[in-house]
Amino acid sequence: MKIVVTVKLVPDTNSEKRIDAGTKRLVRTGVETVINPFDEYAIEAALQLKEKLGGDTTVTVLTLGPESGKEVVRKALAMGVDDAIIVSDAGFEGSDVWVTGLALAAALKKNGFDLVITGGLAEDGNTGAVTGALAEHLGVPGLTNAAKIDIADGKLRVERETDSGHQTVTAPLPAVLMVTMGVGEPRYASLKGIMGAKKKTIAILPAGELAIDGPIGSDGAKTELVSVAAPPARGKGRVVTAEDGPSGAKIIFDFLKERKLI
Amino acid sequence: MQNVVVFVEHKGEQTRKVTYELATEARRIADALGGKAHALVVGAGSQALAETLKTYPLDTIHVAEDGDVDTFLLDPAIDYLEAAAKVAGPSLILLPNTLAGRDIAGRIAARLKAGLTSDVTNVTVEGGKVSCVSPKLGGTSITSCTYKNSDYGVMTVRPNSFAPAAGGAGAQIVAIEKPAGKTYAMVIESEAEEVSGEIGLEEAAAVVAGGRGMGGPAPFTELLKPLADALGGTVGASRAAADAGWVPYSLQIGQTGKTISPNLYIGVGISGAIQHKVGMRTSGTIIAINKDGSVPISEFADLLVVGDLFAIVPELTKQLRATVHA
């Protein structure tokens, strides 16, 4: 079985990020680039399936980004992923989720797949829409928020988290699947994995080699970023020490009254 | 795009408050664009819910009381929404920024070859052009976006961003025809509710969130739940509490959980690390209770009370109850 995990390369989560007001692009300089933390769960889910299914199951990581992403993608290879594809082209500058969906779909069609696994929300874009876009463009089932995944007889059986609980859904393969953190903590790369990753293939795929169904970059985008501003500052408020329960409660109670919240 | 179509997320006859927020906002946007405000309600309970929706300022409510919507995941709803968008003509599609809303938004945007903006908190219309404001990167940047290269646009809206206002000329309820020749492959075999009857975390006006300092699952139900009830709100949690298994992940606020903007947020035993902060920093008033006065939340809370949460929370609940009953 051919499993492809789509990942996004983003500035490190543990640093405060910002968008440059002039260029309206994410500021990536001076901040380490990492695999979107949500996508590490997608990698973990794929590796678990590979272990369970065995045989000729392979896991490929697919991303859209600069060639310099090679070093970041190598982390996935060290975790146990077999190979990687980076769709890279200067023409993607100014793309939105529409163009990203088209490009990833074209790469998936070229590469072939039985199961595409995606992470949840992208850290930096927050659209969480790639799963749906891929399902539409590829004409296959698209299931989101999967916490448990079973594959038997060419069929997916997935436990999904919903807004109010969970549900079990079945669907035929091929399919696109977005996973939640419920699949389990992403594994660390072993020393052997890190050494082995150096020999694995990272293919660079220019846009010209893909049959992308429309213009790319800002010509193809369906949305345009007009302005970026800093949020209103949230200053340090009052810090009060409470001697005991009743006095602490009174401090809060009075504050709620002052703010007309009760 | 000239018209607006609201996708109504619901369970039977019950819908969330955000539906009414969207219906109200749809009217305002449609008027500014010189178009019509539509809504689509599909699945069990649609007919009854449409009658309730009539008290909001919509022009047309498209209804399909079709069991397939509840049997098969997403696909039937997407097909109906595509049909409604085609009936409405070039339009902006509004959905709530919830798990289900986001799922549908991603699909319908690709289907209609439309732009998609998400987690929108404000919309302006100028010269027939729709701009939407949304906080990005966990609220560290506020962006403004417009749509282009398409007759359609899709938008997920953060709950609690618009005030719902009933009133209107009485919308027309019309049956929408089932799109023909479709087969559905994703079957919902079973469904379980974990937080039924509770207010959704993302739309609650008040959220009381617990963290590592709670020490276990019991204080969530014994301390935080009564406080949340007294405030007419609901309980949330930090990732530490969800990871420890004290609460389900559906209650987690932050980077890898939900993003909330209640009028009032009370963080109990939560340090307020960046991962949590990005999920709640746009809350109206932020209050924290912590035994340590130097925790990160002290930098952005409007009030931090340093003390014993196990002593303070029950007292506060008692005082609030006394006020309500006074």
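Predicted model: local features only at pLDDT ≥ 70, side-chain atom pairs only at ≥ 80, totals over all residues.
Select residues 3–175 of chain B for domain 1 and residues 206–325 of chain B for domain 2. Where they meet, 6 residues of domain 1 of chain B are in contact with 7 residues of domain 2 of chain B. On the domain 1 side, the touching residues comprise 1 nonpolar, 3 polar and 2 charged. Between the C-alpha centres of domain 1 and domain 2 of chain B, the distance is 31 Å.

Next, colour chain B by pLDDT. The mean for chain B is 93, with 97% of its residues at 70 or more. For the model, the scores are ipTM 0.87 and pTM 0.85.

Now go to a pair of helices from the two chains. Two packed helices are described by the angle between their axes and the distance between the axes.

- From α4(A), pick T131(A), G132(A), A133(A), A135(A), E136(A) and H137(A).
- From α5(B), pick D103(B), G106(B), R107(B), A110(B) and R111(B).

Finally, colour these residues by type. The contact of α4(A) with α5(B) has 3 nonpolar, 4 polar and 4 charged residues.

Technical notes:
Residues numbered from 1 in each chain as written. Chains lettered and ligands numbered in written order. Contact = placed C-beta atoms within 7 Å. Helix = DSSP H or I, 4+ residues; strand = E, 2+ residues; numbered from the N terminus. Nonpolar A, V, L, I, M, F, W, Y, C, P; charged D, E, K, R; others polar. pLDDT = per-residue confidence, 0-100. Domains from an automatic or database assignment.
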